[in-house]
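Please read the following note alongside the sequence and the 3D view.

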Amino acid sequence: MFDSLSDRLGGVFDRLRGRGALTEADVRGAMREVRIALLEADVALPVARAFVDKVTEAAVGQNVLRSVTPGQQVVKIVNDALVEMLGSDSADLDIDVTPPAVVMMVGLQGSGKTTTTAKLSRLVKKRGKKVLMASLDVNRPAAQEQLAVLGTQAEVATLPIVQGQQPVDIARRALQSAKLQGFDVVMLDTAGRLHVDQALMDEMKAVADIAKPNEILLVVDSLTGQDAVNVATNFSQQVPLTGVVLTRMDGDARGGAALSMRAVTGKPIKFAGVGEKLDAIEPFHPSRVAGRILGMGDVVSLVERAAEAIQADDAEKMASRLAKGQFDMNDLRSQLAQMRRMGGLGALAGMIPGMKKAQAAMAASNMDDRILLRMDAMIGSMTVKERARPELLNAKRKIRVAKGSGTTVQDVNKLLKMHQEMATAMKRIKKMGGIKGLAAMLG
Ligand code: GDP
């Protein structure tokens, strides 16, 4: 997501930064390019126009042009405007109310509404709330069963299905059950349609009248570009939305729909769906997303993901080994596994500042996630002794490992070199006072 936009903007800014002094004409020229980049990324026209006007106005000010680093200043202005366009602060679910809180999910069929209902329910449950999900979709065959299946996977309760019951009655029953059984949150997955139509809107309004939701979240497929913007406009005119969830942010789209959502609906983007699995959902943080678009990386998300991926006892074990400056093949293997859990090389590279270019280089050299798996296979083909003492690997042993893992001796050598470099780095870290010292240095 956002890759081509990010590249285009990067080019514009590189040119700006390349000059010592900037004139108003330089800035206006750059902003024309920014505007084109936004439109190409599918940002809605009025949104792109307002954005560029705002940035231009702030950037042609004499303070900026006369400053020592005008290029940098313009980038900062663009960053701030991006953050504002995306919604300034990250917004959470408003469900800390007298229970049961009601969250109503709306959106078109296929937008990912049912999946998102289950993902959010799982998230809310992990925060210690008792959650009940109910599907009000009586149009699509098996929609209610789909939610029940997801409920089992997510270990979240679903309302028992009563054949033939209508949406409003299901909503009523869900609320009653929640009150009787002490649920904190009720998630209502409403019916979708292929297109926005009045019957759908009327049904949603009737349900909202009964359920009095604390949240009405619009689920939008970010891959649908301008269509997503139209859908959001339509829904926001008809129902009192409280927020938006953008799905398929893991996809390879231009991303402009995401950038338009806030301006079009006036409501915050609260979450982003980033995959099919039930844990593939992230709170939406405007400043981090802006950072990612401008190639400044998203270190905070990276660290958070790392914390999630690293099992606590793994981390402790690893820390105590590193404290002693030890780093063998088993350590390397668990590091590789963590990288895979964190979404692979691509996901990581996108989040590390300045890594966008390295990512491109990796892609060019075929350094992709298959390499992580190949490395794992090579380590898997080593004996216990070899893993603990890689220096044992002589030519004969290397051939055996290569054969066992379906790789070449060259590959094995590369792995050994990488291990060597990491082991040296670990020793250096130890000299600097261990992980704690490093953390202190990084602030
Ligand atoms: P609904 O008709 O709106 O309820 O849509 P579903 O929840 O049934 O989702 C439709 C398809 O999209 C399913 O195959 C989901 O696995 C998939 N999906 C949903 N959210 C995401 C997402 O964030 N990323 C990806 N890659 N797929 C998603």
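1. Met-378 belongs to helix 18, which spans residues 369-380. Helices here are DSSP runs of H or I with at least four residues, strands are DSSP runs of E with at least two, and both are numbered from the N terminus. The model is predicted: local features need pLDDT of at least 70, side-chain atom pairs count only at pLDDT 80 or more, and totals for chains, interfaces and linings use all residues. Residues are numbered from 1 along each chain as its sequence is written.

2. Is Met-378 buried or exposed? Met-378 counts as buried because it has 23 C-beta neighbours inside 10 Å. The cut-offs are as follows: a residue is buried if 20 or more other C-beta atoms lie within 10 Å of its own, exposed if 12 or fewer, and partly exposed in between, with C-beta atoms placed from the backbone. Leaving out residues up to four places away in sequence, Met-378 touches Val-401, Ser-405, Thr-407, Asp-411, Val-412 and Leu-415. A contact means that the C-beta atoms of two residues, placed from the backbone, lie within 7 Å. The C-alpha atoms of Met-378 and Thr-408 are separated by 9.7 Å, and these residues are 30 apart along the chain.

3. The protein as a whole has 22 helices and 8 strands. Of its 443 residues, 40% count as buried. Among the contacts with a separation of 6 or more, 74% come from residues 24 or more positions apart.

4. The 8 strands form an open sheet in the order 3-2-4-1-5-6-7-8, with mixed pairing. Strand 3 (157-158) and strand 8 (281-283) stand at the edges with a single partner strand each, so one side of each has no neighbour in the sheet. Strands of a sheet pair through backbone hydrogen bonds, either parallel or antiparallel. Two strands are said to pair if DSSP finds at least two bridges between them. Strand 1 and strand 4 (residues 185-189) pair in the parallel sense over 5 bridges, and Met-105 has Asp-189 in strand 4 as its bridge partner.

5. Which strands pair with strand 6? Strand 5 pairs with strand 6 in the parallel sense over 5 bridges, with Gly-243 as the bridge partner of Leu-217. The chain passes from strand 5 through helix 10 (residues 226-238) to strand 6, and this β-α-β crossover is right-handed; that is, with the strands pointing away from the viewer, the path from the first strand over the helix to the second runs clockwise. Strand 7 (residues 269-273) also pairs with strand 6 in the parallel sense, over 3 bridges, and Phe-271 in strand 7 stands opposite Val-245.

6. The largest nonpolar core has 100 residues, and Val-103, Leu-132, Ala-174, Val-186, Leu-188, Val-220 and Ala-232 touch the most other members. A nonpolar core is a set of buried Ala, Val, Leu, Ile, Met, Phe, Trp, Tyr and Cys residues joined through C-beta atoms within 7 Å. Helix 5 (residues 70-86) gives the most to this core, with 7 residues. The core lies between domain 1 (3-86) and domain 2 (101-296), because both give residues to it; the domain bounds come from an automatic or database domain assignment. Apart from this core lies another, of 10 residues, including Met-329, Leu-332, Met-375 and Ile-379.

7. Some backbone details remain. The peptide bond from Pro-99 to Pro-100 is cis, with omega near 0°, and Pro-100 is found in the loop between helix 5 and strand 1 (101-107). Asp-42 is not a glycine, yet it has a positive phi of about 85°; Asp-42 lies in the loop between helix 2 (24-40) and helix 3 (45-59) and counts as buried, with 23 C-beta neighbours inside 10 Å. Lys-212 also has a positive phi, near 40°, in the loop between helix 9 (198-211) and strand 5 (215-221). Lys-212 counts as exposed because it has 9 C-beta neighbours inside 10 Å.
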